[in-house]
Amino acid sequence: GAGHGPGGGGMKETTYVAMVGTRRAVNAQRDHVRAVLHMLYATDLGSDVVVLTGHAGGICAETELTCRALGQAVVVMQPEYRPDQDHLQAVKALYARDAAMVRRADVVLAWPALDRKGGTEEEIRQARRQGRPCLLCMGDPPWEWAGVTPEQVPGWLAGLVVGPAQDRLPL
């Protein structure tokens with residue numbers, strides 16, 4: 001969880017960045033994920049980052065594919081459920097996985113569905129509950145809000161991992 005970021009004594013520690021988002025990602029959102037990862041790994045911070053993501057298609061699949069293509073560490077977190085479980089049990093397993101991923105993360109980058117419905121909203125709520133900084137990322141306008149540019153993400157992360165997250169961008 002929080003506190004994985006750079007610590008005292010000059011030693012660098014790992015920063016865990018959860019990258020989550022809609023299964024219904026549009027091309028601009030997929031492009032945004034790729035650009036964010038390319039920008040992150042082009043900075044000094046990138047060498048100390050491990051990305052956490054889910055197992056679903058869309059943003060999570062794009063995150064995993066891009067990290068692997070760049071030769072970077074990625075942990076794909078799976079829910080713990082069995083094929084014989086009913087829908088409610090499967091949803092509970094997904095929520096438990098979401099909570100565990102956010103708990104393990106120092107920060108959360110989220111690409112929610114344009115209609116703001118779906119499982120990503122649970123991950124955003126988990127970030128709020130657990131006090132994790134969460135940056136809502138979208139693609140390019142004409143959306144009502146476009147989030148941040150890929151170039152802004154490394155700086156935002158750097159500002160978070162050098163001190164207490166609570167002193168930085170509030171959710």
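Visitor: Leaving aside neighbours within four places in sequence, which residues is Leu157 in contact with?

Guide: Contact means heavy atoms within 4.5 Å. Here Leu157 touches Val17, Leu40, Leu45 and Val107, once neighbours within four places in sequence are set aside.

Visitor: What should I know about the model itself?

Guide: It's a predicted model: local features need pLDDT of at least 70, side-chain atom pairs count only at pLDDT 80 or more, and totals for chains, interfaces and linings use all residues. Residues are numbered from 1 along each chain as its sequence is written, and side-chain values use heavy atoms, leaving out hydrogens and water.

Visitor: How many helices and strands does the chain have?

Guide: Helices (H or I, at least four residues) and strands (E, at least two) are DSSP runs, numbered from the N terminus. This chain comes to five helices and five strands, following the pattern β-α-β-α-β-α-β-α-β-α along the sequence.

Visitor: And what share of the chain is buried?

Guide: Buried means under 20% relative accessible area, exposed over 50%, and partly exposed in between, with a 1.4 Å probe and protein chains only. Of the 171 residues in the chain, 44% are buried.

Visitor: Which residues have the most contacts inside the largest nonpolar core?

Guide: A nonpolar core is a set of buried Ala, Val, Leu, Ile, Met, Phe, Trp, Tyr and Cys residues joined through side-chain atoms within 4.5 Å. The largest one has 22 residues, and Leu157 is back again, with Met19, Val51, Leu109 and Trp111, as those with the most contacts inside it. Elements giving two or more residues to this core include strand E1 (15–21), helix H1 (27–41) and helix H5 (153–161). H1 brings the largest share, five residues. Apart from this core lies another, of 14 residues, among them Val50, Val102, Val108 and Cys134.

Visitor: How do I read two packed helices?

Guide: They're described by the angle between their axes and the distance between the axes. Axes are lines fitted to C-alpha atoms, for helices over the stretch in contact, and angles run from 0 to 180 degrees between N-to-C directions. Take helix H3 (residues 87–104) and helix H4 (residues 119–130): their axes come within 9 Å and cross at roughly 45°. That makes H3 oblique to H4; angles under 35 degrees count as roughly parallel, over 145 as roughly antiparallel, 65 to 115 as roughly perpendicular and the rest as oblique.

Visitor: Which residues meet there?

Guide: Among them, Tyr95, Arg97 and Val102 in H3 meet residues of H4 including Gly119, Glu123 and Gln130.

Visitor: Is Arg97 buried or exposed?

Guide: At 10% relative accessibility, Arg97 counts as buried. Neighbours within four places in sequence aside, Arg97 is in contact with Gly54, His55, Met77, Gln78, Pro79 and Glu123. Val91 is in helix H3 too, and at 25% relative accessibility it counts as partly exposed.

Visitor: What about H1 and H2: at what angle do they pack?

Guide: At about 35°, with their axes 9 Å apart. Residues making the contact include Val33 and Leu37 of H1 and Ile59 and Cys67 of H2.

Visitor: Where does Ser47 lie?

Guide: In the loop between H1 and E2. At 60% relative accessibility, Ser47 counts as exposed. The C-alpha atoms of Ser47 and Thr15 are separated by 9.5 Å, with the two residues 32 apart along the chain.
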